[in-house]
Amino acid sequence: MKVSVSTISIAELDVDLLFVPVTIENIDAGLAELTAAFGGAIDRAKNDIRGDGSAAIVLYPDMGTAKRIVLVGLGESSKVTLEKLRLAAAKAASVSYDVKAETVGIAIPSLDVNGDDTAQALVEGFVLGSYRFDRYRTGLLTGEAAQRLVIQTTDHDKQVRRGADRGRIIAEAVCTARDLVNLSPDEKTPTLLSKAIEKSGKKHGYEVSVWDKALIEEEGMGGLLAVNRGSLEPPTFSVLEWHPENSRNSRPVILVGKGVVFDTGGLSLKPTKDSMDSMKSDMAGAAAVIGAIEAIAKLDLPLYVIGLIPATDNRPGENAYVPGDVVKMHSGKTVEVLNTDAEGRMILADALSYASSFYPEIVIDLATLTGAAVIALGDFIAAVMTNAEKGAEERLADIMQAGAESGDRVHNLPMFDEYNEQIKSTIADLKNVGGRGAGSITAAKFLEHFVDYPWIHVDIAGPSFIAQAKGYSQAGATGFGVRLLTRFLQQMSEKKR
Ligand code: BES
Ligand code: ZN
Ligand code: ZN
């Protein structure tokens, strides 16, 4: 979608649909202005505007240039949040999609929030709300996403332009992640996924190197190789690198994404309904890392960032790893496998242990790791955990803030040492399951054994893939994590100014 900023008056803006968010305080003045431009239809709609943004009113004006007007109430202007703006814009996006509006205008409301943040949130909400995954549909589509979005403002157009650009870049990166997660599993084998990463690197200007199975063997990534044993497809390990000359950090930030391209559970086979049937999304962590690196490259963020993506599927093939196998991991530690469905931690542990060779400033991993995270926090919030290395409290505060501001919300779970008891093995250094209680925490405690740097673990099993459309996400992939990571890295680069 092309996004631009214009200072043409709303009366003269030539668009198929003009979206006007209205705050309660601005109902009288704002609607008077609109009535002057578009006629009495606006005035008559006044009493139907609800403050909570729950309804979009569609009008066909007799005067003015815009063909349709969509009004969405924002409530009290002092209580408008970035998320409310995104949700309001998503309402307009869904009307635009249904009526196949090609060009859409958004009139920027004047709020307490900064002009650029307002513009960013509106563009994010609109672009994300316009997203549909139509790759596999044949025949006529029920709607069509807008091709051009014009942000209309009366002043501060420089700020607004900056925010609008940022919003477009970030929303497009979220859509990259959504596309990858929504893709049919047979189109994203580890090799195909790594090809997609190479293509993304070329397009967005970051470096990519892909390890094949021979290299993975040479590096001794026993966890990744064990999970891959039941597969007909070889694993890959992709290394993404964004290293601009003006980087403000000398030790890299490393992002690790779980890339299980399909999780059957392996020999510890999952049931199909409400379980295996959504496991094409088990590479949503990888998708989020790819999207985030695309975004920071396009935003030209002055930070040295590396992405690591171990990729394989998890299947019960003839040679599949079995409960009882003891695996020698990349770090040299041994793991007794007691459930082949706890495969995510096996491949992440190797990537986290390899990350150590870069002496990273911080490592963040994103993974659809445990069903327990969904039980704990539901479908909309990811679980975050961090290790006790120095700066733990600040790290946690930073990621929570990034979550709240970006809309990819997270909440923390504890990492008390007692949880380690649950993953002690009778014959190896660790076992890969921790029993019924606190499944997300014991998974994180497992990973902690492979980490010797400041580290944040984000379990995105809940919010990465949803059964029903909500807000600016359709059913299916949400692209969760792209905005969280991008915001976190933006904050970090600001702090280093
Ligand atoms: N990919 C799943 C976790 C998952 C569950 C993601 C639901 C998204 C939605 C993971 O590999 C898994 O199977 N975890 C097991 C771990 C258990 C065997 C210790 C789980 O959560 O049941
Ligand atoms: Zn699994
Ligand atoms: Zn999995």
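Predicted model: local features only at pLDDT ≥ 70, side-chain atom pairs only at ≥ 80, totals over all residues.

Guide: Residues are numbered from 1 along each chain as its sequence is written, and chains are lettered from A and ligands numbered from 1 in the order in which they are written.

Visitor: Why is Asp263 called buried?

Guide: Buried means under 20% relative accessible area, exposed means over 50%, and partly exposed is in between (1.4 Å probe, protein chains only). Asp263 has 3%, so it counts as buried. Glu343, with 0%, is buried as well.

Visitor: Which residues coordinate the zinc ion (ligand 2)?

Guide: Its donors come from Asp263 (OD), Asp341 (O and OD) and Glu343 (OE), at 2.0 to 2.2 Å. A donor is an N, O or S atom within 2.8 Å of the metal (3.2 Å for Na, K and Ca), and sites may look incomplete because water is not among the atoms. Along the chain, the donors of this zinc ion (ligand 2) follow the spacing D-x77-D-x1-E. Asp263 sits in strand E10 (residues 259-263) and Glu343 in the loop between strand E13 (334-336) and helix H10 (344-355), so the pair ties together parts that are 80 residues apart in sequence.

Visitor: What makes the arrangement around the zinc ion (ligand 2) irregular?

Guide: The angles do. Four donors count as tetrahedral if all angles lie between 85 and 135 degrees; four count as square planar and six as octahedral if opposite donors are over 155 degrees apart and all others between 65 and 115; anything else is irregular. The six donor atoms here subtend angles of 70 to 166°, which makes the arrangement irregular.

Visitor: And what is the arrangement around the zinc ion (ligand 3)?

Guide: That one is octahedral, because its six donor atoms subtend angles of 77 to 174°. They belong to Lys258 (NZ), Asp263 (OD), Asp282 (OD) and Glu343 (OE), at 1.9 to 2.4 Å. In sequence, these donor residues are spaced K-x4-D-x18-D-x60-E.

Visitor: How far apart are the two zinc ions, ligand 2 and ligand 3?

Guide: They are 3.2 Å apart, and Asp263 coordinates both.

Visitor: How do you know that strand E9 is largely enclosed?

Guide: Five of the five residues of E9 (residues 253-257) are buried, so the rest of the structure largely encloses this strand. Val253, Leu255 and Gly257 are buried on one side, and Ile254 and Val256 on the other. Helices (H or I, at least four residues) and strands (E, at least two) are DSSP runs, numbered from the N terminus.

Visitor: What makes E9 and E14 a pair?

Guide: Two strands pair if DSSP finds at least two bridges between them. E9 has five bridges to strand E14 (residues 362-367), and the two run parallel. Val253 has Ile362 as its bridge partner in E14. E9 also pairs in the parallel sense with strand E11 (residues 305-314), over four bridges. There, the bridge partner of Val253 is Val305.

Visitor: How many residues line the largest pocket?

Guide: The lining has 38 residues, with Lys270, Met279, Thr370, Gly371 and Val374 nearest the centre. They divide into 12 nonpolar, 15 polar and 11 charged. Ala, Val, Leu, Ile, Met, Phe, Trp, Tyr, Cys and Pro count as nonpolar, Asp, Glu, Lys and Arg as charged, and the others, Gly among them, as polar. Helix H11 gives the largest share, three residues. The space in this pocket is about 950 Å³.

Visitor: Why is one space called a pocket and another a cavity?

Guide: It comes down to a way out. On a 1 Å grid over the protein atoms alone, a cavity is a set of points where a 1.4 Å probe fits but cannot get out, whereas a pocket is an open set with protein on both sides within 12 Å along at least five of seven lines; lining residues have an atom within 4 Å of a point. The whole structure has one cavity of 30 Å³ or more. The largest cavity holds about 30 Å³, and its lining has seven nonpolar residues, three polar and no charged. Helix H9 gives the largest share of that lining, three residues.

Technical notes. Heavy atoms only, no water. Points joined across faces, edges and corners; volume = space filled by probe spheres on them.
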